[in-house]
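Please read this briefing alongside the sequence and the model shown below. It covers pockets, sheets, helices and a few single residues.

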Amino acid sequence: MITIQSTPVRWQGGRFVPAPSPKGRERTMAHPILMAHSASDDPNRLSIRFDAMASHDITYVGIIQTARASGMREFPLPYVLTNCHNSLCAVGGTINEDDHVFGLSAAKKYGGEFVPAHQAVIHSYMRERYAAPGRMILGSDSHTRYGAYGCMAIGEGGPELARQLLNKTYDIAYPKLIAIYLTGAPRPGVGPQDVALALVGATFKNGAVKNAVMEFFGPGVANLSMDYRAGIDVMTTETTCLSSVWQTDAQTKTALTLLGRGDSYREMAPADGAYYDGVVTVELDKVEPMIALPFHPSNAYTIRDFKANMADLLHQVDVDAAEQLGVKNAPSLAGKIVNRQFLVDQGVIAGCSGGTYQNLTRAAEILKGCSTGSGAFWLSCYPGSMPINLELTRQGAIAQLMAAGASIRSCFCGPCFGAGDVPANGAFSIRHSTRNFPNREGSKPGDGQISYVALMDARSIAATARMGGALTGADELPDIPADRPDEHWAYDDSAYRSRVYFGVGKPQPDTDLVFGPNIADWPEQIPLPDNLLLTCCAAIYDPVTTTDELIPSGETSSYRSNPLKLSEFALSRKCPDYVGRAKAIQALEQLRRTNPDDPQVREALEGYDPAATGLGSFVMALKPGDGSAREQAASCQRVLGGCANIAQEYATKRYRSNVVNWGMLPFVAEGLDKLNLRPGDRVSLPGIRALLEGEGETIRATVLQAGPDGSTAITLSLPGLTREERDIILAGCLINYYAK
């Protein structure tokens with residue numbers, strides 16, 4: 001089904017051959033796009049300027065506030081502000097709509113595009129209006145992927161978007177390029193999520209495409225519609241790749257023409273002799289309906305294998321729930337196996353991955369004339385945009401879904417991150433959305449709640465709904481409709497023309513920004529002291545730590561325009577004592593700066609020079625940062641006095657970038673699992689400022705532990721830290737760096 005070759009290859013004469021040298025990377029699809037957008041003279045160090053940017057209402061306030069504090073006067077490139085995350089103006093009172101009003105005022109003042117709530121999911125909108133061959137788009141959402149249109153898109157934390165607003169560049173080393181070679185055609189009942197989950201399952205754990213650009217081409221591409229390609233493409237984020245790009249063809253041209261942008265089409269395919277750092281072959285005709293069990297998209301199995309091994313696989317989910325969520329006495333999922341069938345409680349088809357025209361059309365066809373039943377199972381569907389919703393309505397699909405018992409929701413991302421359709425305690429939800437991380441569905445284990453999300457394709461979700469909630473792969477049905485590669489839909493943007501504010505290139509400087517009571521500036525951050533004495537306030541030994549665990553999604557999203565309030569939720573579902581510990585250290589540091597001779601300060605420093613040694617906290621995690629691009633996963637640590645992360649490796653480039661941009665040290669160390677760091681342990685970093693002022697990458701630190709462990713020397717590394725990254729950390733954060 002999927003095979004991985006991790007050695008370099010060259011695309012030569014219609015096949016892959018071994019490549020003894022990297023010669024030929026200029027013949028790939030990605031290379032000319034990267035070079036056309038790089039302002040650097042060094043082809044190995046890129047300085048990217050993007051064609052457009054996009055943010056949603058969880059992130060744009062902080063980005064605009066950062067850029068505004070750093071001197072921005074207008075948006076220098078098209079910047080789209082969507083309102084598809086905090087769309088429900090209920091949680092937290094007025095604060096969600098306060099953010100929306102701020103966003104509209106900012107779009108008017110600085111010259112941006114403002115998409116009101118319930119109009120479109122951010123990525124659906126950008127596919128429809130901006131994605132085109134050869135372009136590059138930056139988004140403050142990790143699923144910023146428009147490769148199906150030949151457009152390289154990257155999801156990053158907010159500071160990287162602020163840099164673009166300040167006419168700075170996105171600086172990266174030239175990435176690895178991995179060929180994703182598609183053959184065959186999908187079987188009836190196999191949808192894009194099935195292909196995506198198979199691909200994520202094959203590549204995530206071994207890091208086969210980590211921080212690389214995935215190039216999709218091969219004879220199988222022609223057998224996929226544009227919706228199908230986009231459904232696979234958006235899930236490439238879960239492989240931890242940097243970006244993606246697909247070959248373009250007649251289907252791409254037709255889709256762009258229907259979107260009113262046919263003149264932006266150009267043919268793209270790798271040239272003969274193109275060099276790749278590896279190749280992943282996907283045999284589409286061998287992919288089966290898939291399920292990704294809690295708590296990660298890579299925990300993927302064929303539905304056939306799951307049903308054959310339900311008891312064992314569900315037992316492992318029970319074990320993972322106890323270990324990762326700390327819920328020790330949750331009812332076993334084995335209780336959902338009844339008469340050899342697994343009974344599901346909820347189905348959701350939504351967002352940038354699930355809410356496409358083709359997915360919802362297939363679901364409607366599968367459910368036509370049927371009923372979801374009046375039992376515990378229920379189904380909700382979220383079209384990705386108003387144009388999609390309008391066409392589904394005109395074609396009768398919405399009526400078919402409603403007649404079958406499905407509820408039709410508005411165009412927003414809610415259930416994808418726990419802000420809508422939160423399942424009942426103990427419930428099991430199957431979703432065509434992007435993630436099934438712990439708590440991603442909105443439950444609160446700390447309050448005794450736990451529910452579960454598994455990822456599936458819309459076709460199999462509809463098949464399960466047709467069977468009243470008994471888990472069913474779409475290929476088990478006798479009359480399953482097939483997906484056609486030429487399946488397009490009539491695009492009518494009248495809803496956008498009626499509601500969207502189109503202000504790109506038309507700033508109105510005299511417009512006042514509208515601030516609600518929850519919108520707050522970033523608190524002041526101090527420059528890096530000469531020396532640091534850091535206290536461990538969280539030690540996480542899970543194989544991977546997600547950004548959802550560093551700062552929970554769901555109802556906390558409403559507070560992302562208020563750094564101090566949001567920081568109260570930091571690591572709350574993973575390390576409930578973290579905030580209190582960090583605040584205690586922060587209070588001592590504030591006292592040190594005002595009265596270094598205070599007895600409490602002297603006691604805390606234990607002989608270190610209080611005038612030159614700063615006190616701060618750090619988080620230790622083996623592999624932090626998988627998942628969302630949200631900067632708050634790092635900024636909340638900084639707001640609470642965090643100065644560093646110590647990890648064996650970082651799960652994604654974007655999380656490491658967030659750590660740096662918020663003035664924290666992204667340390668890497670070997671053997672952390674054996675060092676046995678615990679909350680309360682301290683790390684002394686003498687001469688850390690001098691190290692960053694120079695070019696050194698390692699520091700000899702001392703770990704101070706209570707009891708018999710005493711002190712231990714450890715080498716901490718800062719590999720690949722650029723001169724600018726050093727200066728940002730020295731300044732205390734990106735805002736301070738630009739203020740200088």
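This is a predicted model: local features need pLDDT of at least 70, side-chain atom pairs count only at pLDDT 80 or more; totals for chains, interfaces and linings use all residues.

Residues are numbered from 1 along each chain as its sequence is written, and side-chain values use heavy atoms, with hydrogens and water left out. Helices (H or I, at least four residues) and strands (E, at least two) are DSSP runs, numbered from the N terminus.

**Pockets**

- A pocket is defined on a 1 Å grid over the protein atoms alone, as an open set of points where a 1.4 Å probe fits, with protein on both sides within 12 Å along at least five of seven lines, and its lining residues have an atom within 4 Å of a point.
- The largest pocket has a volume of about 990 Å³, where a volume is the space filled by probe spheres set on grid points that are joined across faces, edges and corners.
- Its lining comprises 43 residues, and those nearest the centre of the largest pocket are Ile-172, Ala-173, Asn-211, Lys-653 and Arg-656.
- Elements giving two or more residues to the lining of the largest pocket include β1 (2-5), β10 (170-173), β15 (278-283) and β31 (665-668), while α22 provides the largest share, five residues.
- Sorted by class, the lining of the largest pocket holds 20 nonpolar, 11 polar and 12 charged residues; here Ala, Val, Leu, Ile, Met, Phe, Trp, Tyr, Cys and Pro count as nonpolar, Asp, Glu, Lys and Arg as charged, and the others, Gly among them, as polar.
- The second largest pocket has a volume of about 470 Å³, and of the 19 residues that line the second largest pocket, Phe-295, His-296, Gln-324, Pro-543 and Val-544 are the closest to its centre.
- Helix α10 (residues 310-325) gives the most to the lining of the second largest pocket, three residues, and by class that lining has eight nonpolar, five polar and six charged residues.

**Sheets and strand pairing**

- Two strands are said to pair if DSSP finds at least two bridges between them.
- Strands β1 and β15 run antiparallel and are joined by four bridges, with Ile-4 opposite Val-280 in β15.
- Strand β30 (residues 642-647) is mostly covered, with six of its six residues buried, where buried means under 20% relative accessible area, exposed over 50% and partly exposed in between (1.4 Å probe, protein chains only).
- Four bridges join β30 to β31 in the parallel sense, and the bridge partner of Ala-647 is Val-668 in β31.

**Helices and single residues**

- Helix α12 is mostly covered, since 10 of its 11 residues are buried, and just after α12 Gly-369 takes a positive phi of about 75 degrees.
- In helix α13 (residues 386-395), the buried residues are Pro-387, Ile-388, Asn-389, Glu-391 and Leu-392, and what covers them includes α4, α12 (357-367), α14 (397-403) and α16 (494-499).
- Thr-547, in helix α17 (residues 547-550), counts as buried at 1% relative accessibility, and its contacts, not counting residues up to four places away in sequence, are Gly-625, Asp-626, Gly-627, Ser-628, Arg-630, Ala-633 and Tyr-655.
- Asp-305 lies in helix α9 (residues 303-308) and is partly exposed, with a relative accessible area of 34%.

Key:
Contact means heavy atoms within 4.5 Å.
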